[in-house]
2 protein chains.
Amino acid sequence: MPKQVDHQERREAIAHALWRVVDQHGWSRATLREVAREAGVSLGQLQHYFASRTAMLTFAMESAAERTADRVARGLAALDQPPHPRDVLRLVLVEMLPLHPDARASSRMSAAYVLEALHDPALRRQAGLGLRDGRAMVERLVRDAVAQGQIAPDRDPGIETDLVLALTGFSPLLELGVVEPPAALAAIDQHLDRLFAGA
Amino acid sequence: MPKQVDHQERREAIAHALWRVVDQHGWSRATLREVAREAGVSLGQLQHYFASRTAMLTFAMESAAERTADRVARGLAALDQPPHPRDVLRLVLVEMLPLHPDARASSRMSAAYVLEALHDPALRRQAGLGLRDGRAMVERLVRDAVAQGQIAPDRDPGIETDLVLALTGFSPLLELGVVEPPAALAAIDQHLDRLFAGA
């Protein structure tokens with residue numbers, strides 16, 4: 001089905017153009033017109049692929065999430081098998097922080113998307129769903145680690161899950177140079193060492 | 001000096017208009033024209049108070065930071081004197097999270113400001129300075145608590161400071177309803193209890 005593949009490829013190319021605009025010039029420049037220019041298509045062609053700005057943002061965000069999942073999957077494959085849950089959590093956190101160019105683009109896209117979602121019910125629903133799925137995945141991992149004695153049984157899996165996810169708060173601190181990458185990684189390692197200690 | 005007071009009041013009124021625009025309609029609507037309309041002044045009058053969008057954003061962000069500091073100061077005055085450093089850290093964190101309307105407006109303003117700052121060197125310098133001051137204040141508090149035996153001496157004050165600040169990562173989770181306010185507060189309490197335990 002070459003036609004469908006082309007369609008999907010064109011959508012991906014437009015999503016990448018949107019990321020480049022957001023990454024280089026900021027969210028306020030990410031209009032349909034600017035994204036069409038960056039992608040080298042006409043505004044009419046862009047609207048053929050995305051009926052609305054919301055549709056374009058949602059697609060771009062979903063593809064950023066897929067790229068992050070791919071990076072995590074590649075990272076997992078490189079670990080000892082089966083991977084230790086501590087290493088899995090570290091990998092997930094590190095790939096969500098702006099520590100290298102790919103992750104930085106996803107992280108900025110995601111921060112902009114959250115802000116936009118506050119004023120757009122459709123985006124908000126979509127963003128909430130994606131994040132709740134991610135949270136559920138981390139909580140399953142924490143619960144399994146408690147069940148298998150890798151995390152102490154007196155730890156509350158819900159609270160521990162939220163504390164791990166809240167560490168994505170390093171993103172703005174890293175972006176503005178308030179915390180340097182080695183310090184953020186040391187803090188994450190310290191937090192995870194304590195979570196998996198004393199089991 | 002009534003004229004200077006008027007000038008300052010007008011600047012504050014414009015900053016409040018900007019917050020309302022950002023809070024209600026999102027960052028993409030926060031143009032000079034829209035802020036002038038919301039503040040009930042002409043575009044020319046607005047430009048008399050703020051020579052550039054950067055100047056307006058910086059002033060609005062500084063006044064949001066002052067309002068947050070005022071809320072923290074009022075909260076501190078309501079605590080037992082002298083306040084325990086655990087309660088101080090909790091208060092600072094809680095006032096930085098979108099848990100009530102005032103804090104939510106500051107939190108959204110700050111998230112939008114960070115994104116804007118990534119593409120504007122002057123804003124970036126300004127935002128970095130403010131955040132580094134805040135970080136230094138928290139680190140002094142942590143170091144004093146270690147010196148006074150309220151935090152165990154084997155804790156690294158730099159790492160503990162970064163972990164506390166990273167918990168502002170609850171902001172997007174709260175905004176999108178992925179974590180509910182009582183769960184975020186329980187997680188923060190758990191983190192602080194452990195920080196001050198075993199000293």
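Trainee: Let's start with B:Leu32. Which helix is it found in?

Mentor: B:Leu32 belongs to helix α2 of chain B, residues 32–39. Helices here are DSSP runs of H or I with at least four residues, strands are E runs of at least two, and both are numbered from the N terminus. Keep in mind that this is a predicted model, where local features need pLDDT of at least 70, side-chain atom pairs count only at pLDDT 80 or more, and totals for chains, interfaces and linings use all residues. Residues are numbered from 1 along each chain as its sequence is written, while chains are lettered from A and ligands numbered from 1 in the order in which they are written.

Trainee: Is B:Leu32 buried, exposed or partly exposed?

Mentor: You count neighbours: a residue is buried if 20 or more other C-beta atoms lie within 10 Å of its own, exposed if 12 or fewer, and partly exposed in between, with C-beta atoms placed from the backbone. B:Leu32 has 15 other C-beta atoms within 10 Å, so it is partly exposed.

Trainee: What does B:Leu32 touch?

Mentor: Two residues are in contact if their C-beta atoms, placed from the backbone, lie within 7 Å. Leaving out residues up to four places away in sequence, B:Leu32 touches B:Leu43, B:Leu46 and B:Arg53. As for B:Arg10, B:Leu32 is 22 residues from it in sequence and 15 Å from it in space, C-alpha to C-alpha.

Trainee: Now chain A. How many helices and strands does it have?

Mentor: Chain A has ten helices and zero strands. Of its 199 residues, 35% count as buried. Its C-alpha trace spans about 60 × 45 × 35 Å along the principal axes.

Trainee: How do I read two helices packing together?

Mentor: Two packed helices are described by the angle between their axes and the distance between the axes. Take α4 (residues 53–77) and α5 (residues 85–96) of chain A: they pack at an angle of about 145 degrees, with their axes 10 Å apart. The axes are lines fitted to C-alpha atoms, for helices over the stretch in contact, and angles run from 0 to 180 degrees between N-to-C directions.

Trainee: Which residues of α4(A) and α5(A) make the contact?

Mentor: Among them are A:Val72 and A:Leu76 of α4(A), along with A:Leu91 and A:Met96 of α5(A). By class, this contact has six nonpolar, two polar and two charged residues. Ala, Val, Leu, Ile, Met, Phe, Trp, Tyr, Cys and Pro count as nonpolar, Asp, Glu, Lys and Arg as charged, and the others, Gly among them, as polar.

Trainee: And how are the two chains related?

Mentor: You superpose the copies by least squares on the C-alpha atoms of residues with pLDDT of at least 70 in both. Here, a rotation of 180 degrees with 0.0 Å of shift along its axis puts chain B on chain A, with an RMSD of 0.0 Å. That is the relation of a two-fold axis. In chain B, the C-alpha nearest the axis is that of B:Gly169, 1.7 Å away.
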